[in-house]
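Biologist: Hi! Could you walk me through this structure in plain words?
Modeller: Happy to, have a look at it here.
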Amino acid sequence: MDDTHTPGVTVAVRGRAVFVRQFEVVVVDGVDRDARVVSSSHEFSIGSAEGNDLRLTDPAVSRHHCALVADERGLRLDDLGSRNGTFVGELEVVTAYVRAGVRIRIGQTVCLVQILDRELETPIAASDRYGPLIGASSAMRRLFPLLERCAASAATVLVVGETGTGKELVAEAIHVHSARSDAPYVVIDCGALSPDLAESELFGHVRGAFTGADRDREGAFESAHGGTIFLDEIGELPLALQPLLLRVLENRTVRRVGATEYREVDVRVIAASHRDLRALVNDKRFRADLYYRLNVLHVAVPPLRERAGDIELLAAAMWATFRPETTPPSALVEHLARLSWPGNVRELRNAVERAALTGQAPPPPPSQSAAVRIAPIDSSYQEAKERAVRAWEREWVEALLGAAGGNLSRAARAAKMGRSHLRELARRHGVIAAAAPSEPDDE
C-alpha cells in the first residue's frame, strides 16, 4: 500500500517490510520533567511499573497507565484501565487517535508526543499462510515472521487479541513449528476450570488428598512434559493459583495437591487472553510478577476489521472445508466482505458454514437494539448470549455517557457503579468518555 499520513504517523508497506515512523514522548511537566524516550516498536507504554517504555515516578500514575499504538490509521492512544484517567485537553480518553504535537496528561504529568523522521522496519512474510493461519493482509504477514521467531525460541509467549481472532491457532502454529512438535500439546481453558479442582487439574494430586481422590493423578503440566502447555484465557485464572503458576515458570517444578515433594517439568508455556492483563494488574486482579513472567514474547493477533482483503481469502478456504472442490459464489463473498464481524474469524467461519450447508447468506448486521432482541443462529447459545450482552452493553454505555454530557464521574454516579468499572466498560467497547480534570474518583 502507499504511504498513509493519518494523523502525522506514516505506515507503509514497501517490498517485504512494513515501515512505521518513530515518535518521541517527552515529559514537559511533572516530577519527571525532561525525560524523553523514542519508540522502539509500534507500541509504546507509559506507567510507573518496570517494563514500560516510559517509566514515571509520579505517584498519581498507574502501574500500566496508557499506551500509544501506531497502525495504518494513525497513532492510537489507549487508557489501560488507569485509576486517574488519561486526558487530552479537557477530554478523558478511553481510546482515540491523536495527532503529532498532542499533550497527554496522566496524573500530575504532561507528556508531549513528537513525530520523528526516522522509521522502524518490520519484515513481512512472502506467503499468506503459516501453519493453520491464513492471511494476505499486511497485519497478518507482519505477524508470521514473529511467530517463526517464537517457534524457534523456548521462551514463554503471551498471545493477546479479541475473542474469535484465532489465538488458539496461533499457539498451535508456534508448537507445530517448534522443536517440541512431536511432544505433547496440552490445552487448558482457565476460564472453565472449577475453582475447587483447578489446582488439581493443573498440578495433579495424590491419593487421599481430598474426597474422591482415590488414586494418584498427574496434572496438565506433567502431562505436557517435554512439550507445550497452552493456557487459554489466562486472565481468568483464580488469584489464589497465580503464585503456584509463577513458581512453575520460575523453577520449572510442580507439586501435586497433597504431596510434599516437587517434580521437575520441562514445559514450554504459551498463554492467551482476550483481556488486557495490564488493566487487570492495575485492578489488582492479576499479579504483576506473573504478567512479566508470561510476557516474555508478546504476540498481538489483529481483529478481522484490521485485516483488509482477508475476508475473501478466509471465506474461500472455509468454504472448501464444507464444500470440497467448489468455490463460494462471488455474490456471497462480496456480501461477506461488506459486513462487520464483531466475532472476528470465528463468526465468519460460522457464517460461511451456514451458507455452504444451507445456501443462506448471513443477514445484514442489525442495529444495536435489534442485535439484543434477535439471537444469531450461526453460533452456540453461549456465543449468541455473549454477543447480545456486548451489543446491549455498548448501547447502554453510549446512552449513559450521552445523558451525562460525556462526564465519566457523573455517569458513574447516575448508574450507581464505580468510576473505574464504567471506564473499563467504555474502553472495552471503544466509547470515548470525557470528564472534568478536577473531579475526584468515586471509588
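Modeller: First a term: buried means under 20% relative accessible area, exposed over 50%, and partly exposed in between, with a 1.4 Å probe and protein chains only. Helices (H or I, at least four residues) and strands (E, at least two) are DSSP runs, numbered from the N terminus. This is a predicted model, where local features need pLDDT of at least 70, side-chain atom pairs count only at pLDDT 80 or more, and totals for chains, interfaces and linings use all residues. Residues are numbered from 1 along each chain as its sequence is written, and side-chain values use heavy atoms, with hydrogens and water left out.

Biologist: Thanks! Which residues of helix H14 are buried?
Modeller: In H14, residues 419–428, they are Arg 419, Leu 422, Arg 423, Glu 424, Leu 425 and Ala 426.

Biologist: And what comes just after H14?
Modeller: Gly 430, which has a positive phi of about 70°.

Biologist: How do the axes of H13 and H14 cross?
Modeller: The axis of H13 (residues 408–415) comes within 9 Å of the H14 axis, and they cross at roughly 110°. The axes are lines fitted to C-alpha atoms, for helices over the stretch in contact, and angles run from 0 to 180 degrees between N-to-C directions. So H13 is roughly perpendicular to H14, the word for 65 to 115 degrees; under 35 is roughly parallel, over 145 roughly antiparallel and the rest oblique.

Biologist: Which residues meet there?
Modeller: From H13, Leu 408, Ser 409, Ala 411 and Ala 412 meet Arg 419, Leu 422 and Arg 423 of H14. Contact here means heavy atoms within 4.5 Å.

Biologist: New topic: where is Ser 62?
Modeller: Ser 62 sits in the loop between strand E6 (54–55) and strand E7 (66–71).

Biologist: Is Ser 62 buried or exposed?
Modeller: Ser 62 is buried, at a relative accessible area of 10%. Leaving aside neighbours within four places in sequence, its contacts are Gly 47, Ser 48, Ser 82, Arg 83 and Asn 282. A polar atom of the Ser 62 side chain is 3.0 Å from the backbone nitrogen of Arg 83.

Biologist: What about phi in Glu 325?
Modeller: Glu 325 is not a glycine, yet its phi is positive, about 60°. Most residues other than glycine have a negative phi. Glu 325 lies in the loop between helix H8 (310–322) and helix H9 (330–338), and it is exposed, with a relative accessible area of 87%.

Terms used: A polar contact is a pair of N or O atoms within 3.5 Å; within protein, one must be able to donate a hydrogen and the other to accept it, and residues adjacent in sequence count only if both atoms are side-chain atoms.
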